[in-house]
Amino acid sequence: MPLPLLEDSPIPPTIEWMGGHIRLIDQRRLPEDLVLLEVHSIEKLCELIFALAIRGAPALGAAGAMGVALASVQGRDLAEAASLLKATRPTAVNLAWGVDRALAAADPVAEAVRIAADDVAANQAIGGHGTAVVPDGARVLTHCNTGSLACVGWGTALGVIRSAHEAGRQPSVWVDETRPVLQGARLTAWELQQLGIPATLVVDSMAGSLMAAGEVDLAIVGADRIAANGDVANKIGTYSLAVLARYHDVPFYVAAPTSTIDSATPSGARIVVELRPDAEVVEIGGVRLAPEGVPAQNWAFDVTPTDLVTGYITEEGISTSVG
Ligand code: MRU
């Protein structure tokens with residue numbers, strides 16, 4: 001079912017409800033190939049979520065809701081489907097949020113379709129508000145992928161950059177490659193190319209030097225879960241960026257829909273950080289670089305204390321605190 005708000009976008013919707021099944025972009029194949037997968041079972045959807053074929057908090061929210069919708073049209077046990085889906089990735093609160101919303105709805109299919117449409121509308125509102133913090137010609141540093149691919153469409157932090165671009169602010173983007181699985185290098189760089197927004201790829205460890213050289217006007221990142229006190233879980237490396245930004249007096253914004261705010265989690269200390277397979281660290285693109293037998297630690301996310309956040313950009317506006 002096409003989303004009207006995305007008709008002019010060069011990037012197709014990340015995930016769509018196709019009547020009786022789900023269609024999603026296989027993000028493992030980008031940037032080489034834009035491949036759409038047709039998903040007909042909960043088990044396959046869970047496997048794809050864990051493997052990062054679909055990822056990014058808002059996209060996971062839609063995937064969770066569509067998973068419950070799929071279970072409902074197939075006459076499956078909805079509670080079992082919900083627990084399988086929620087177990088795939090623990091940190092992004094949107095996944096459980098989307099699952100629970102569809103589970104509580106009288107019509108899970110209608111709810112999943114609504115969540116997908118609302119996501120695009122919320123992101124465009126985030127972009128509209130966020131444009132205010134992007135000065136003309138701003139050099140913006142971002143981390144991971146928070147664009148259309150991380151959502152159903154448009155994007156959160158990258159959506160702010162996209163909106164600022166469309167508003168004529170002429171932003172340019174420093175794209176962190178985002179080890180270990182390179183969402184920045186593979187996905188953000190690709191999206192920015194599709195949108196015609198100037199972008200330069202850098203290794204994650206260059207951020208401090210860029211800031212010290214006065215080359216960064218602001219940093220904008222997304223979030224996987226924002227605790228009630230404003231602490232932010234996001235892709236590993238976000239915390240280091242926030243510390244660097246504070247040291248160098250660079251504004252540090254978090255852009256996320258209000259569905260990413262988890263009022264049931266009081267602070268970042270209570271956020272469960274996903275531990276992912278060692279293989280993502282010892283290999284790049286399936287090629288082993290580290291010696292056989294070396295252990296690796298792969299925390300997929302970190303927690304940035306609210307004190308380091310200049311402002312939160314949501315569909316409701318810009319604020320220095322949440323809640
Ligand atoms: O492991 P990923 O790729 O799902 O991590 C994604 C991020 O950390 C994003 O910054 C976050 O989900 C916000 S996406 C709009």
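Mentor: Gladly! A nonpolar core is a set of buried Ala, Val, Leu, Ile, Met, Phe, Trp, Tyr and Cys residues joined through side-chain atoms within 4.5 Å, with buried meaning under 20% relative accessible area (1.4 Å probe, protein chains only). This is a predicted model, in which local features need pLDDT of at least 70 and side-chain atom pairs 80 or more, while totals for chains, interfaces and linings use all residues. Residues are numbered from 1 along each chain as its sequence is written, and side-chain values use heavy atoms, without hydrogens or water.

The largest core holds 36 residues, and I15, I22, L24 and L85 touch the most other members. Helix 2 supplies the largest share, eleven residues. Beyond neighbours within four places in sequence, I15 is in contact (heavy atoms within 4.5 Å) with I22, R23, L24, I54, A62, A63, M66 and V152.

A second, separate core has 26 residues, including L30, V140, W190 and A255. Follow V140 from there: its bridge partner in strand 5 is V173. Four bridges join strand 4 (residues 139-142) to strand 5, and the two run parallel; strands pair if DSSP finds at least two bridges between them. Strand 5 (residues 172-176) is mostly covered, with four of its five residues buried.

Terms used: Buried means under 20% relative accessible area, exposed over 50%, partly exposed in between (1.4 Å probe, protein chains only).
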